[in-house]
Amino acid sequence: MKSVNEYSVQEVEYWVQAVGLPPDAFTENAVDGEMLCTLTTEELTGDLGLSSLQAKKVQSKLEFTKSISAEQETTAATEQGSDAAAKEEQLKAENDQLKKELADLQSIEAALAEPTPAPTQQAPPASAPAPAPKKKQGPGVVGGAAVGAAGGAAKGAIAGAILPGMSASDGAKAGAAVGATKGGLRGIRNRRRG
């Protein structure tokens with residue numbers, strides 16, 4: 001609900017009619033919400049021609065309307081605060097998940113970095129078939145992470161632009177992080193197969 005002091009002249013006219021008084025004097029004097037909030041009993045009776053009972057009624061209803069506006073503003077602020085808290089919790093959970101995935105990826109990379117003993121070479125039997133040509137490998141760990149980050153950023157930007165309360169930039173960041181993790185893991189998997 002709009003605050004009373006923000007009412008236009010026409011809105012004051014509607015408000016005076018809703019209170020049950022004729023709005024002509026208010027309209028003729030171009031009384032808007034800001035002016036309405038500052039009118040004294042003397043101005044209501046002398047300048048606008050209201051009786052003292054009508055002036056009391058205007059002031060009483062004005063205070064009531066102001067209190068309703070204040071309650072609604074407080075309620076709206078509380079609801080916005082709870083929405084922000086829920087969004088913050090969601091982002092914390094997503095951040096924790098990404099940290100876990102990163103730690104998993106780092107432990108896998110560390111395991112792969114450890115030297116392994118070289119296998120002893122034995123002469124192949126004379127009748128052994130020729131080795132099959134190697135399959136073409138995909139990008140390595142870093143390349144896979146880069147490719148995954150680019151694809152994830154594009155998908156995240158689209159999702160961020162579509163979802164309410166999320167910007168394309170936030171979506172791209174989240175998508176890039178998830179895509180990099182998946183791409184890196186794919187690169188590790190390719191390295192093991194090769």
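In the predicted model, Ser-69 touches Met-1, Lys-2, Ser-3 and Val-4, residues up to four places away in sequence being left out of the count. Ser-69 itself belongs to helix α5, which spans residues 52-113, and with a relative accessible area of 3% this serine is buried, because the value falls under 20%. A polar atom of the Ser-69 side chain lies 3.4 Å from the backbone oxygen of Lys-2. Ser-3, for its part, is located in the segment that precedes α1 (9-19). Apart from neighbours within four places in sequence, Ser-3 is in contact with Ser-69 and Glu-73, while the side chain of Ser-3 is joined to that of Asn-5 by a polar contact of 2.8 Å.

Lys-2, whose backbone oxygen is placed beside the Ser-69 side chain at the distance of 3.4 Å given above, also takes part in a salt bridge with Glu-11, in which the closest N and O atoms are 3.0 Å apart. Both partners are partly exposed, the relative accessibility being 37% for Lys-2 and 27% for Glu-11. The count of salt bridges in the model comes to two, and the pair formed by Glu-63 and Lys-66 is also a salt bridge, with an N to O distance of 3.8 Å between the side chains. Glu-63 and Lys-66 both lie in helix α5, where a spacing of three residues corresponds to about one turn of the helix. In general, side chains of opposite charge can pair when their charged atoms come close.

The largest nonpolar core comprises 18 residues, and those with the most contacts inside it are Trp-15, Phe-26, Leu-36, Leu-44 and Val-58. Two or more residues are given to this core by each of α1, α2 (24-28) and α5, and the largest share, four residues, is supplied by α1. The surroundings of Phe-26 illustrate the arrangement in more detail: once neighbours within four places in sequence are set aside, Phe-26 is in contact with Val-12, Val-16, Val-31, Leu-36, Leu-39, Leu-44, Leu-48, Leu-50 and Val-58. Among these contacts of Phe-26 are Leu-36, Leu-44 and Val-58, which are also listed with Phe-26 and Trp-15 as the residues with the most contacts inside the core.

The C-alpha atom of Leu-105 is separated by 9.4 Å from that of Lys-182, the two residues being 77 residues apart along the chain.

Conventions
Residues numbered from 1 in each chain as written. Predicted model: local features only at pLDDT ≥ 70, side-chain atom pairs only at ≥ 80, totals over all residues. Heavy atoms only, no water. Buried < 20%, exposed > 50% of the residue type's maximum accessible area, 1.4 Å probe, protein only. Polar contact = N/O pair within 3.5 Å; in protein donor to acceptor, adjacent residues only side chain to side chain. Contact = heavy atoms within 4.5 Å. Core = buried A, V, L, I, M, F, W, Y, C linked by side-chain atoms within 4.5 Å. Salt bridge = Lys/Arg side-chain N within 4 Å of Asp/Glu carboxyl O.
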